[in-house]
Amino acid sequence: MTPRLALSELFPDFHPEWILAEDEDLIVVDKPAGMSTHAPEADRIDDVVTRLRAFLRGRGAADDYLGIHQRLDRDTSGVLLFTRRREANAAVARQFEGRTVQKTYVAAVAGFGDRAPRGTLRHRLVPAPGGAMRAIAEAGAGREDRGGGREDRGGGGALAITRYRLLERRGDRALLELRPETGRTHQLRVQLAAIGLPIVGDPLYGGAPAPRLLLHAAELRLDHPSTGAAATYRSPPPAAFEAWLAAAPDDPYAGGVEAVERAMREAAERRYGVARAGDTTALRLVHGAGDGLPSVSVDLYGEHLVVSLFGGGEGEPGAPPRDVVLDAAHRLGAKGVYVKVRPKHASVIVDARREEFAPRHAVRGESAPEEFTVLEHGLPFKVRLGDGLSTGIFLDQRENRRRVRELARGARVLNLFAYTGAFTVAAVAGGARESVTVDVSRGAIAWARDNLDALGADPAAHVVVEADVFPWLKAAAQAGQRFDLIVLDPPSFATTKKSRFSAASDFGALAALAFRLLAPGGRLLACTNHRGIARARFRRHLHEAAREAGCDVVQMKDLPDPVDFPSEPGSESHLKSVLASVGAPGAPAVKSAPAVKGAPAVKGAPAVRAAKGAPFARAAKPGGARKGPAAPARPSRRGAR
């Protein structure tokens with residue numbers, strides 16, 4: 001059974017209230033922050049142009065033509081104008097190209113101090129690393145025009161001119177009106193940063209953390225292309241600007257169910273591209289503070305929602321209000337809502353299937369079938385919403401699984417700490433010739449076999465192994481095994497009666513063992529969601545592990561998270577993913593090994609079986625147990641995804 005993706009009203013092509021003005025020549029919209037003007041990649045559907053065209057077609061418009069004369073950065077909100085008829089293009093283009101269109105923006109900045117309330121910024125902009133720009137103050141510029149020290153002076157670059165005016169200041173916080181006289185890439189952002197006033201919420205240029213970039217296109221003035229009459233289109237700054245200026249207490253739950261529901265709907269809007277792609281029925285609707293609702297996540301599985309409450313243990317301060325969050329989620333329209341309670345200290349969880357942590361049935365609305373199938377990029381995965389803290393798939397790895405699918409053709413693939421084998425499913429779908437899937441949990445491995453069988457994978461070529469990863473890796477190395485693609489995604493920590501594993505201290509040793517199994521020219525996808533491991537430190541662990549294993553790393557690439565897992569403002573992403581590629585010197589030939597007990601033989605699969613209580617056994621992903629022994633007592637932080 002594969003339920004449809006529910007809550008379709010959360011993902012309309014375009015909200016009618018976003019349209020500010022419309023006639024036969026023009027359509028002017030109020031672009032939300034976080035939406036690109038036009039698609040950055042050919043297969044994207046979540047940009048303004050694509051969505052507005054779909055809306056016009058759905059409304060029955062005979063022509064969905066949109067002429068693009070103006071662009072706003074993805075994270076900038078506000079007035080955006082398009083022509084609706086080709087005949088209107090020339091008159092509008094002349095005004096934009098001749099700089100007679102008057103654009104007015106509002107920006108929030110900190111530390112305005114005793115600067116003049118009005119001024120003009122003149123810089124030359126040149127490209128800088130990382131997709132940024134750099135502002136070089138023109139010789140003779142005033143104090144507000146200087147872009148930094150003497151090293152910033154020089155010729156070249158595109159001239160950028162912006163006039164500013166102080167609108168309001170409260171303490172150290174200020175709102176500025178900005179009127180650019182030129183239209184350069186990142187012009188307003190880089191010029192303000194150059195004078196020590198980076199826009200709030202702009203990490204690229206050093207702005208203070210905020211839920212969004214506080215830059216808004218508030219007004220656009222031009223002559224109408226048909227009548228020649230002066231036309232003005234306005235959009236007031238969103239409420240976030242006033243809230244920041246007033247330094248309002250940051251309690252998104254104070255407004256009760258309606259305020260939380262509104263925040264959830266706004267977060268769902270940012271998932272339009274995933275939800276409307278047509279091949280995915282499981283995604284994250286709300287990702288904690290990254291969506292303005294700290295300590296809460298909301299996941300959509302077909303027609304049901306799963307709400308996770310973090311820090312929700314008995315007596316723990318700062319836990320989100322349970323009933324408010326659940327009521328708000330239920331109002332989104334799902335058939336039913338499940339809840340997972342994740343205490344701040346995971347050691348308090350003795351049994352992750354206890355009703356106080358993970359009720360078996362929906363706590364709002366109807367329960368889902370005990371087991372059903374969801375789709376991810378068209379691939380089927382079995383999930384169980386009422387079987388412990390986990391559901392059978394970690395949604396934050398969706399794009400990494402897509403990458404594995406793209407890399408797997410003709411490859412021998414090894415999936416370590418595999419849980420229910422989702423990465424292996426992706427690899428098989430991508431044309432992997434062989435795979436080995438390793439996890440210590442008997443229930444998880446049985447589940448992985450079911451997922452592979454649902455895809456029609458040949459069990460002789462795609463083997464699942466119940467084993468503890470550390471001794472399995474050592475045995476595989478002794479057997480001379482080599483793999484073209486290895487996925488290494490361990491829990492943050494795990495504890496058994498005999499030993500402990502912590503990604504913070506043990507990931508390097510684990511990665512070195514994995515590197516030893518890479519074939520010449522092979523790739524290692526390494527991931528961790530340990531919040532105490534920074535991305536730079538994670539990369540350092542991998543470089544050191546490769547050296548220890550004698551591997552020549554020719555490329556190490558950071559991989560972005562899915563769009564439905566935004567980082568908390570001012571913080572690094574919880575998930576760090578790196579794709580390491582090694583060179584292609586000579587390597588030992590691949591050897592065969594006996595079959596694993598209970599699984600068909602596969603070339604190169606070492607016969608290692610985990611004993612009960614084996615060292616470094618997987619401790620969490622507690623939703624995986626289907627048969628055999630229950631998961632170990634102490635759950636991994638992986639369950640907190």
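**Note on the predicted model: buried charges and salt bridges**

1. At 9% relative accessibility, arginine 342 counts as buried (under 20% relative accessible area; exposed is over 50%, partly exposed in between; 1.4 Å probe, protein chains only). Arginine 342 sits in strand E15, residues 336–342. Helices (H or I, at least four residues) and strands (E, at least two) are DSSP runs, numbered from the N terminus. The side chain of arginine 342 makes a polar contact of 3.2 Å with that of serine 308 (a pair of N or O atoms within 3.5 Å; within protein, one must be able to donate a hydrogen and the other to accept it, and residues adjacent in sequence count only if both atoms are side-chain atoms).

2. This is a predicted model: local features need pLDDT of at least 70, side-chain atom pairs count only at pLDDT 80 or more, and totals for chains, interfaces and linings use all residues. Residues are numbered from 1 along each chain as its sequence is written, and side-chain values use heavy atoms, with hydrogens and water left out.

3. The protein chain has 13 helices and 27 strands. Of its 641 residues, 57% are buried.

4. Helix H11 spans residues 469–478, and its Val469, Phe470, Trp472, Leu473 and Ala476 are buried. They cover an arc of only 165° around the axis, so they lie on the same side of H11 (the arc is that of the directions from the helix axis to the C-beta atoms). Just after H11, glycine 480 has a positive phi of about 75°.

5. The structure holds 40 salt bridges (a side-chain nitrogen of Lys or Arg within 4 Å of a carboxyl oxygen of Asp or Glu). Aspartate 291 is buried at 6% relative accessibility. Arginine 270 is partly exposed at 41%.

6. Arginine 412 and glutamate 434 also meet in a salt bridge, 2.6 Å from N to O. Arginine 412 is in strand E19 and glutamate 434 in strand E20. Both residues are buried.

7. Which residue is buried yet has no salt bridge? Arginine 212 is. Its nearest side chain of opposite charge, aspartate 75, is 7.8 Å away (Lys and Arg count as positive, Asp and Glu as negative; His and the chain ends are not counted). Arginine 212 lies in the loop between helix H3 and strand E10.
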